[in-house]
Amino acid sequence: MFHGTIVMGGKGLATFWEKDWGSMDSFKYNAVILNNVESFLDANLDYGFIWMQDNASCYRSKET
């Protein structure tokens, strides 16, 4: 599975979900995807980026 971002009209942060990581749940999503996104947003605070995601089940959990 590919998780990618669009930043200022171009390609941004991207991660491929590797098959050997197993199925995605909220804990794995937080550790792998959101950890990378948080680092990116923290490094680019001056731009005021907004993080948006779709409505997949692991994104909607209380843990996420």
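Which side chain makes a polar contact with the side chain of T15? The side chain of N36 does, at 3.5 Å; a polar contact is a pair of N or O atoms within 3.5 Å, where within protein one must be able to donate a hydrogen and the other to accept it, and residues adjacent in sequence count only if both atoms are side-chain atoms. This is a predicted model, where local features need pLDDT of at least 70, side-chain atom pairs count only at pLDDT 80 or more, and totals for chains, interfaces and linings use all residues. Residues are numbered from 1 along each chain as its sequence is written, and side-chain values use heavy atoms, with hydrogens and water left out.

**Layout and confidence**
- The chain has two helices and two strands, in the order β-β-α-α from the N terminus.
- Helices (H or I, at least four residues) and strands (E, at least two) are DSSP runs, numbered from the N terminus.
- Mean pLDDT, the predictor's confidence in each residue from 0 to 100, is 79 for the chain.
- Confidence is highest in helix α1 (residues 26-43), at a mean of 86, and lowest in helix α2 (residues 57-60), at 59.
- Where pLDDT is low, the predicted coordinates should not be read in detail.

**Around T15**
- T15 lies in strand β2 (residues 10-16).
- T15 is buried, with a relative accessible area of 12%; buried means under 20%, exposed over 50%, partly exposed in between (1.4 Å probe, protein chains only).
- Leaving out residues up to four places away in sequence, T15 touches M1, F2, H3, V32, I33 and N36 (contact means heavy atoms within 4.5 Å).
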